[in-house]
Structures are given as C-alpha cells and as structure tokens.
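This report describes the architecture of a predicted model.

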Amino acid sequence: MPEGILCNKTPVDTVEQLQALLADKSGKQYYEEMKLLDVDTPALWATIQKSLKSRLRTWLEICARCGMCADSCFFYLANDRDPTQVPSYKIQSTLGDMVRRKGKVDNAFMHYAMDTAWSRCTCCNRCGMYCPFGIDMGVMFSYLRGLLFSQGFVPWELKIGSGMHRIYRAQMDVTTDDWVETCGWMCEEYEEDWPGLEFPVDKPNADIIYTVNAREVKHYPEDLAEAAILFHLAGENWTVPSEGWEETSLAMFAGDWVGCKKQVESVYAAMERLKPKRMVVTECGHAYRATVIEGPYWAGLKTGQTPVESFHYVEWVAEALRTGKLKIDPAKRIKEPVTYQDSCNYIRNAGLRECAREIMSYIAEDFREMRPCGEHNFCCGGGGGLNGIGRYREQRNVGLKVKRDQILATGAKLVVSPCHNCWDAIRDLEEIYHIGIRWSFLKPLLLKMVIVPEHLRPEE
Amino acid sequence: MPTVEFSGKSFSVDEDGFIDDYKNWSEEWVQYVKAQEGIDELNDEHKKVIEVLREYYEKNGIAPMVRVLSKVTGFKLKHIYELFPSGPGKGACKMAGLPKPTGCV
C-alpha cells in the first residue's frame, strides 16, 4: 500500500510535516505521489457505512436525474451547458458510484472524484433550492470531501490549510503571541488619528466578543484596525480572545472532520471563558458558516447553537446604523452606481439578505441589485476553497465568467463584498477579465462616511 | 508551466503568476513585477522589504506576518502599502520571489 512522503492518509499534526509540504512548491512532488496512492477500500467502505446517514442515502436514491438542477449551477452555465457539469451527474458519478460499489474504487476514480469535488462544485448550495426534492449537492460534496480527505486525496493547499488548523488553531501560522502583538501594534499605529482607540484582549463579560480571519492578522492587519475603530466610534463594549480568535475553517473546505471540530471548539472555549453577551464575526462568509451554522454539530452541542448568540458583521453594521450607534454623513454616501455580492455562506445559508439591503439603503444612493440576487445569487466563483487551489485556476477562471456578466449587467463599477472569499474572487476576476471594477469590504467604506462624534476627534 | 519573458530572461511561473522556483529569482524578475504592480520607481525601501522577505523565507520556508515585516524594516503599515499597493501578502511576496502564500489570500 504505497503511501507518499507528502501525499498520504496521515493528516498534518506537526510543524515538521507542515514545513515539508510547504517546501514542495505548488505540490509538485505531492501530486506525483498521489498518482501512486492506494485506496484503502475496506477502510473507505467502513467510513461510509458509519457516516452516510439517512438524509444523504435517501438523496442519492431518490434523485430522478430530472436535470432541474442543471441551470442552477454556475459551472454548468459557464461551461456552455456541458452535461458533465450538471450537479446531479457530478454527485452521482462520484459519491453515488462510490457508494454503489461499496467503496471498491481505484486511484483513477479517486482522482476524478477529487477534481470534481474541488473544481466543479464550490458547495454554494444553490442547486438545493431548485431541486424538486430539495437535494443539496453542496452538502453531499462536503461529505464526499471528507471521504476523500480520509484517503489522502485532497488538494495540496488544503492539506496544508487543515494542518495549520490542527497545529495553530488558525488557517495560517499565527500564534497566540503573534495575534496579541498584532492587536497592540494596530492600536499603536492608529491611535494618533483615533484618540482613545483600544484593542481590548480577554476582557470578561463584554457585550461583544469579536472573532476574525487569520489572514487579517497575517497579511491585512488594517482590517483589524478598521473593526476596532468602528467599535470605538459606536461606543461598543467589546473584546477579542487571546485564544479562540480564528473563525475560519480551511479544515471544512478540506473535509478534515477532526480538524473542523478542534477549530470550533477553540472558539467556543473562548466564549465559555470570557462570557460575552454575544459574538460578532468579521466580514467572512465561510467563517460564519463553519462556526455558527455547522460548528455546533461538529462540536456535538445538543442545542445546535453556539454557546453565545452569534452574529455576522453585516448584522452588527445594520443594527449600528438602525440604532444610530453609527451615523452616516449624507453628503458622503456612495454616489456612483454600486452593487452588492451576496455571500452564499451567510445570505443563502443564514437568511441575512435583508441586513445587506438595509446597509445599502444607508450608504448608497444608486444601489443596483445583481440578477439574480439575495439567496438566489450565484457563488462568487471562488468559494469552497477553490480560490486557494492552484491546480484548478483554469477551471476557476472559466467559472468566474458568470459573476463577471452579472456585475457588468448592473452597470456598477464598485462591488461591495463583505466576505473575504468573494472579495478575492472578484479581485481575481478583474485580474483576468479587466472589466474596470473596484471592490471593497464594508469597513473601509463606512470609515469614509461615518460621522465622528466630537469627543472622539483628534485635537487639531 | 507558463513562462514569461522579460529583458532577455525567461521565468517559469505558477498559475497565479508567482515565480516557479525561489532560486530563479533575479533583478530582472523584480523589474518585471514592478511593471505589473504599477510601481513607478524602485527605491531602497522597496529593496529593504524584498531583502527582509527573502531572508525570512530562507530561514522559515514561509512568508512572514506583516507585523514582522514592519518590525524588522521599521516601516509603518501605511508606508508598506505605499510601497506595495497590492499589499505585502501579494505584490511584495511576488516581487521577492516567494511562493503565493497558502490559505485565504
């Protein structure tokens, strides 16, 4: 049973394993080893028997192959209605066949299943809204990813990502000290412009515990500063935890079920330890999905809820504008046409459509909806981990055409995108197709138009 | 693997346009990325950032946090963005010949 040095069935749990993978630029050796990786079919079948529950079994059996899901999938539309891109075909030819063959599949099958699970589905869950039976291929592909991960058939970047979570409880190599130091540093850099600015760490019983995406700490710390400034202006009693601050989950994208559980438990432990009234997560879609929607089940919480009530950043912004905690200077509202990218993970999966519209009504004078929009919106084109997988860049570029055309049809040159994944996908879309657009999170836009109370202004 | 030609040199790049092998980095690569990133003129501060990134990568096999970059160079965050408008994680790493950082970047 050949197991590679880098590509194997063992998850990454040590810094040494992680460094070996990182040193293999673009996973060249990793993917060569994958070509020889055996499938442990008895173990695969045992996992399926143990974990394939009645809902998924029923879905696989009752799918009528009616094709109603076809037009719901942006990959199908972007690939000239290629029949092999029909969601039901994609799941039946992978998970369906794997189950029907009782796990007796070979290396070539696993390669096909991996390429399909990560480059032909972003787990956006749109198909589930159009299937007459409510079959959700996104849910099934997430499950299939777990089976593939257990056998070592997972894209190189996501093996690294899940390993990061296991080692650092963050998707990047950011330690507790790194994180706390970065918070202090952001305070230092911005307090001149924002007197009294604080970045409270581990404050018990705060009204809000704020959690983030590790990339903000590692590569984009200004995002942290902007969040702190807006909480400061709104007069919030808030804090961040020194541990359990990372809400994202590349482990979820990788199908690393053990890693998923470890990650969310660190966030829940911070909630239990600091006892805040509620949790607010940064402008990230999958972080919210992982920690607020899926996480309680991974952690085995019987309530199906996070230990304290949890909110996406757009919910906090909508509330702050509605209650007047943040006030917009009418003269500074966005005048140009502007559109909004609905993130699958908190609009479709958590019903936050109206929060987004409410925010736009405060900040924009010419808001233009994409069509379709809200819970019917198409995935940005980079969800489910696809943004970060080099092996599938070409397929991603093709898929991005759907979002490109949606944006172009609005006539807007500015896209508000309160989700890191969507933000990246739209940036890459512009890099490839040059349609002349700009994109932004909410925080920098709000900072340009919010009225600063007199007592918080810097002295002249 | 795609290649790019610049100033008589040929570079293999990955699917995101990052240099394929850290060891193939050269002054011509820096000039190539400079044009791509819309940077008018490279000064000693750009060079300092590149030097720090490369030193850190050689030692640790991964790009540093912005905090580390700021501490070692003594540059404020805003200034790093003035030097590399597409950000330290993307433009600066690309110019320094580091691989594209993994994860959500």
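Strand S1 of chain A (residues 208–211) is joined to strand S3 of chain A (residues 278–281) by four bridges, and the two run parallel. In this pairing A:Ile208 stands opposite A:Arg278 of S3(A), and A:Tyr210 has A:Val280 of S3(A) as its bridge partner. S1(A) is also joined to S2(A), in this case by two bridges, again with the strands running parallel. Here the bridge partner of A:Ile209 is A:Thr239 in S2(A).

Are the faces of S1(A) covered or uncovered? Both are covered: A:Ile208 and A:Tyr210 are buried on one side, and A:Ile209 and A:Thr211 are buried on the other.

The buried residues are A:Tyr313, A:Val314, A:Glu315, A:Trp316, A:Val317, A:Ala318, A:Ala320 and A:Leu321. An α-helix has 3.6 residues a turn, so residues three or four places apart point the same way.

What covers the buried residues of H16(A) includes strands S3 and S4 of chain A. The cover also includes helix H12 (222–234), helix H18 (353–363) and helix H21 (442–449) of chain A. Just after H16(A), A:Gly324 takes a positive phi of about 85°.

Another open sheet of four strands in chain A has the order S6-S5-S7-S8, with parallel pairing. Its edges are strand S6 (364–367) and strand S8 (438–440) of chain A; each has a single partner strand, so one side of each is left without a neighbour in the sheet. On average, neighbouring strands of this sheet are turned by 45° against each other, direction ignored.

Within the sheet, strand S5 of chain A (residues 334–340) and strand S7 of chain A (residues 414–416) run parallel and are joined by three bridges. A:Thr339 has A:Val415 in S7(A) as its bridge partner.

## Domains of chain A

The domain assignment divides chain A into domain 1 (39–154), domain 2 (168–320) and domain 3 (326–449). The centres of domain 1 and domain 2 of chain A, taken over C-alpha atoms, are separated by 32 Å. The contact between these two domains takes five residues from domain 1 of chain A and four residues from domain 2 of chain A. On the side of domain 1 of chain A that touches domain 2 of chain A, three residues are nonpolar, one is polar and one is charged.

## Chain B

The secondary structure of chain B comprises five helices and two strands, and from the N terminus on its elements run β-β-α-α-α-α-α. A compact globule of 105 residues would have a radius of gyration near 13 Å, and the 13 Å of chain B agrees with this. Along its principal axes, the C-alpha trace of chain B spans about 35 × 30 × 25 Å.

Of the 105 residues of chain B, 36% count as buried. Among contacts in chain B with a separation of 6 or more, 48% are accounted for by residues 24 or more positions apart.

## The interface between the chains

How many residues of chain B are in contact with chain A? There are 21, and they meet 33 residues of chain A. The elements that give two or more residues to this side of chain B are helix H3 (66–73) and helix H5 (88–95) of chain B. By residue class, the side of chain B that touches chain A divides into nine nonpolar, five polar and seven charged residues.

Terms used: Residues are numbered from 1 along each chain as its sequence is written. Chains are lettered from A and ligands numbered from 1 in the order in which they are written. This is a predicted model: local features need pLDDT of at least 70, side-chain atom pairs count only at pLDDT 80 or more; totals for chains, interfaces and linings use all residues. Two residues are in contact if their C-beta atoms, placed from the backbone, lie within 7 Å. Ala, Val, Leu, Ile, Met, Phe, Trp, Tyr, Cys and Pro count as nonpolar, Asp, Glu, Lys and Arg as charged, and the others, Gly among them, as polar. Domain bounds come from an automatic or database domain assignment. Two strands pair if DSSP finds at least two bridges between them. The radius of gyration is taken over C-alpha atoms; the globule rule is 2.2 Å times the number of residues to the power 0.38. A residue is buried if 20 or more other C-beta atoms lie within 10 Å of its own, exposed if 12 or fewer, and partly exposed in between; C-beta atoms are placed from the backbone. Axes are lines fitted to C-alpha atoms, for helices over the stretch in contact, and angles run from 0 to 180 degrees between N-to-C directions.
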